Amino acid sequence: MRGRFISLEGGEGAGKSTQLKRLAEALRARGLDVIETREPGGSPGAEAIRALLLQGEDDRWTPEAEALLFAAARADHVAKTIKPALERGAWVLSDRFLDSSLAYQGGAWGLGIAQVRALHEFGSRGFLPDRTLLLTLPDAPDRARARDTEGADRIGGRDAAYHAKVAAAFEEIAAAEPERCRTIDASGTPEDVTSRLLAAIEDLL
Ligand code: TYD
């Protein structure tokens with residue numbers, strides 16, 4: 001049987017990475033084969049593109065070039081890592097996927113959500129997660145800034161107005177696709193949040 005593909009999404013500081021690990025452990029405890037991956041990255045080619053995207057000055061790329069690089073990294077990640085794992089029956093949990101491009105490049109950087117979606121149609125033939133879990137936490141960007149005292153990456157370091165637009169775009173995308181996307185309150189203890197995530201994928205188990 002084909003595995004399931006779950007993406008975790010949200011702005012900076014909502015606790016995605018911690019929750020991804022916790023969710024993977026909970027699924028393994030149910031006897032599932034689970035792989036954890038991330039974007040940008042998740043395959044050797046996409047990890048090479050990650051360095052191009054996250055290092056350097058904010059104006060290193062035009063918005064269009066940035067969106068194309070994310071789409072190229074994703075095409076490689078889908079073909080080399082995600083699809084082969086699903087075909088052998090594994091569950092794939094990804095820290096970010098297409099919706100990050102729709103929100104960060106399409107919504108907040110002004111390229112347009114439909115234009116960025118078109119890049120995904122070309123790069124990955126429109127391949128989508130079985131479920132996308134959007135973690136929301138109102139003061140998340142402030143938490144991320146406090147955490148990243150060493151200086152955030154090219155995109156995480158953008159100003160508060162940019163991150164507010166990212167959050168609004170995520171909400172808009174999730175509302176437009178209620179079957180695929182579930183919004184999860186990321187406040188409370190890590191245990192509480194993991195339980196909410198599990199409840200939101202229960203129908204896929
Ligand atoms: P990462 O270090 O993985 O951050 P986080 O812990 O916030 O997930 O850096 C990924 C950065 O790239 C993050 O600021 C979000 C951004 N990003 C995009 O702008 N578009 C995308 O399509 C993806 C996958 C990430």
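User: A crossing is left-handed if the near helix is turned anticlockwise from the far one by less than a right angle, and right-handed if clockwise. Which hand has the crossing of helix 4 and helix 5?

Analyst: The model is predicted: local features need pLDDT of at least 70, side-chain atom pairs count only at pLDDT 80 or more, and totals for chains, interfaces and linings use all residues. Residues are numbered from 1 along each chain as its sequence is written, and side-chain values use heavy atoms, with hydrogens and water left out. Helices (H or I, at least four residues) and strands (E, at least two) are DSSP runs, numbered from the N terminus. The crossing of helix 4 and helix 5 is right-handed.

User: How are helix 4 and helix 5 set to each other?

Analyst: Axes are lines fitted to C-alpha atoms, for helices over the stretch in contact, and angles run from 0 to 180 degrees between N-to-C directions. Helix 5 (residues 113-124) packs on helix 4 at about 140°, the axes being 8 Å apart. Angles under 35 degrees count as roughly parallel, over 145 as roughly antiparallel, 65 to 115 as roughly perpendicular and the rest as oblique. The two, helix 4 and helix 5, are therefore oblique.

User: At what angle do helix 4 and helix 7 pack?

Analyst: The crossing of helix 4 and helix 7 is right-handed. With axes 8 Å apart, helix 4 and helix 7 (residues 160-176) pack at an angle of about 125°. Helix 4 is therefore oblique to helix 7, the angle being about 125°.

User: How much of the ligand does the protein bury?

Analyst: Polar side-chain atoms of E12 and Q105 each lie 2.8 Å from the ligand, E12 from an oxygen atom and Q105 from a nitrogen atom. A polar contact is a pair of N or O atoms within 3.5 Å; within protein, one must be able to donate a hydrogen and the other to accept it, and residues adjacent in sequence count only if both atoms are side-chain atoms. Taken alone, the ligand exposes 550 Å² (Shrake-Rupley method, 1.4 Å probe; for residues, only the protein chains shown count as cover). Of that area, the protein buries 90%.

User: Which element gives the most to the shell around the ligand?

Analyst: The ligand is surrounded by 16 residues (each with a heavy atom within 4 Å of it). With four residues, the most is given by helix 4.

User: Where is R96 found?

Analyst: R96 is among the closest residues to the ligand. Its phi is near 80°, a positive value in a residue other than glycine. Most residues other than glycine have a negative phi. R96 is found between strand 3 (91-95) and helix 4, in the loop.
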